[in-house]
Amino acid sequence: MNYRPFKDVQVAEVGLGTWQLGSADWGNINEDEALKILQAYTDAGGNFIDTADVYGMGVSEAIIGKFLQSVNKEIFVATKLGRRGDAGNGWPQNFTYDAMKRHAEESLRHLGVSQLFLEQLHCIPTEEMRSGKVFDNLRKLQQEGLIRYFGASVETSEEALICLEQEGLASLQIIFNLFRQHVADEVFARAKEKGVALIIRVPLASGLLSGKFREDTVFADKDHRHYNANGESFNAGETFSGIEFGEGVKLAGNIKTLLPDERMAEWAIRWILDHPEVTTVIPGASKISQVNSNVAASGLQPLPSSVHEQLRKLYNEQIHSKIRGHY
Ligand SMILES: NC(=O)c1ccc[n+]([C@@H]2O[C@H](COP(=O)([O-])OP(=O)(O)OC[C@H]3O[C@@H](n4cnc5c(N)ncnc54)[C@H](OP(=O)(O)O)[C@@H]3O)[C@@H](O)[C@H]2O)c1
């Protein structure tokens, strides 16, 4: 595993996304399986885990908290707030200082730590980012010692550029993958200039970029790839990166022909790591074998520039115009 700087620490360039752990949105992974996935990730040299207070309504954080008790090396856990919709919560009441403090305290409790390494805004409305009040609240939580760093997970390049102007922002989380290449042109240089870490989510377009799905693949009713396949419940971009599923299967097939060999998921992650502005990429995994394959991307040689050029041409000609959702 190779590491890249994130402020004053070194984080694994392949992190672990944990929306899958304890959340029905991906089918149900039980606690025992989830703990094994976390163990496989840290055994492979991983030290950066992304979660959120709403993944399984605290279950993902609580499983990570349990896991942290058994590990004796430093693990950097990034969580998020802003999307709770349970009793007394919702938009816009989630964005007051009191609500943000309450939600951060609940994450501290679930994770069993005295300070959150990274608290991220969780794709909140653009207007809330623009008003800047949420960032004042985060700075206050930081001064009070509840959080070490704060960042923002965003949907659009416009939102990314708004957040990058905020004093003290440590990281930006954004979708960037072979189905979402233009983000590099719009955001990366500014993030680098500002010294803000880039956390890359949905790197495999919800699994499509592993090349394993067929047009007749069926997902469980509670899996977001079934109930949000066309953006019915939340931003279409968070599911299959905004590409219609059947189209995505075909496009993944076209991409595969340009890659060096059959290891499509590894090369899709390698392609992301080939961008030096990226700090860490956080593929989700529902199996130990997926963790191992994703981590292996760190050890691959960069793709040749001729392959990068062909992949960009394919994106410009066949993919970009097909992205749906807020991006
Ligand atoms: N708004 C936000 O801030 C936001 C939104 C989305 C995600 N995230 C974060 O980003 C993380 C990553 O995004 P994501 O999980 O949505 O999408 P992803 O990483 O693109 O896809 C994950 C899925 O791809 C499949 N997969 C993973 N590795 C594989 C491999 N090596 N070979 C074959 N298939 C593989 C698995 O599908 P199967 O389970 O079907 O096998 C896995 O569940 C999340 O876990 C979460 O932490 C944040």
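A polar side-chain atom of Ser286 sits 2.7 Å from an oxygen atom of the ligand. That counts as a polar contact, meaning a pair of N or O atoms within 3.5 Å. The protein covers 94% of the 900 Å² of accessible area that the ligand has on its own, with areas worked out by the Shrake-Rupley method using a 1.4 Å probe.

Keep in mind that this is a predicted model, where local features need pLDDT of at least 70, side-chain atom pairs count only at pLDDT 80 or more, and totals for chains, interfaces and linings use all residues. Residues are numbered from 1 along each chain as its sequence is written, and side-chain values use heavy atoms, with hydrogens and water left out.

| Residue | Atom of the residue | Atom of the ligand | Distance |
|---|---|---|---|
| Ser286 | polar side-chain atom | oxygen | 2.7 Å |
| Trp19 | polar backbone atom | oxygen | 3.2 Å |
| Tyr55 | polar side-chain atom | nitrogen | 3.4 Å |

Now for the shell around the ligand. It has 32 residues, and Asp50, Ser153, Lys212, Ser286 and Ser293 come nearest; a residue is near if one of its heavy atoms lies within 4 Å. The shell divides into 11 nonpolar, 14 polar and seven charged residues. In this scheme Ala, Val, Leu, Ile, Met, Phe, Trp, Tyr, Cys and Pro are nonpolar, Asp, Glu, Lys and Arg are charged, and the others, Gly among them, are polar. Helix α11 (residues 288-296) gives the most to the shell, with three residues.

So where does the ligand sit? The space it takes is the largest pocket. A pocket is found on a 1 Å grid over the protein atoms alone: it is an open set of points where a 1.4 Å probe fits, with protein on both sides within 12 Å along at least five of seven lines, and lining residues have an atom within 4 Å of a point. The volume of the largest pocket is about 970 Å³. Of its 44 lining residues, Trp19, Gln20, Trp26, Ser206 and Glu238 are the closest to its centre. Once again α11 gives the most, with three residues.

The second largest pocket has a volume of about 220 Å³. Its lining has 14 residues, and Pro5, Val196, Ala197, Glu277 and Thr279 are the closest to its centre. Strand β1 (3-6) and helix α7 (183-194) each give two or more residues, with β1 giving the most, three.

Note on methods:
Polar contact = N/O pair within 3.5 Å; in protein donor to acceptor, adjacent residues only side chain to side chain. Sits in = over half its atoms within 2 Å of the grid points. Helix = DSSP H or I, 4+ residues; strand = E, 2+ residues; numbered from the N terminus. Points joined across faces, edges and corners; volume = space filled by probe spheres on them.
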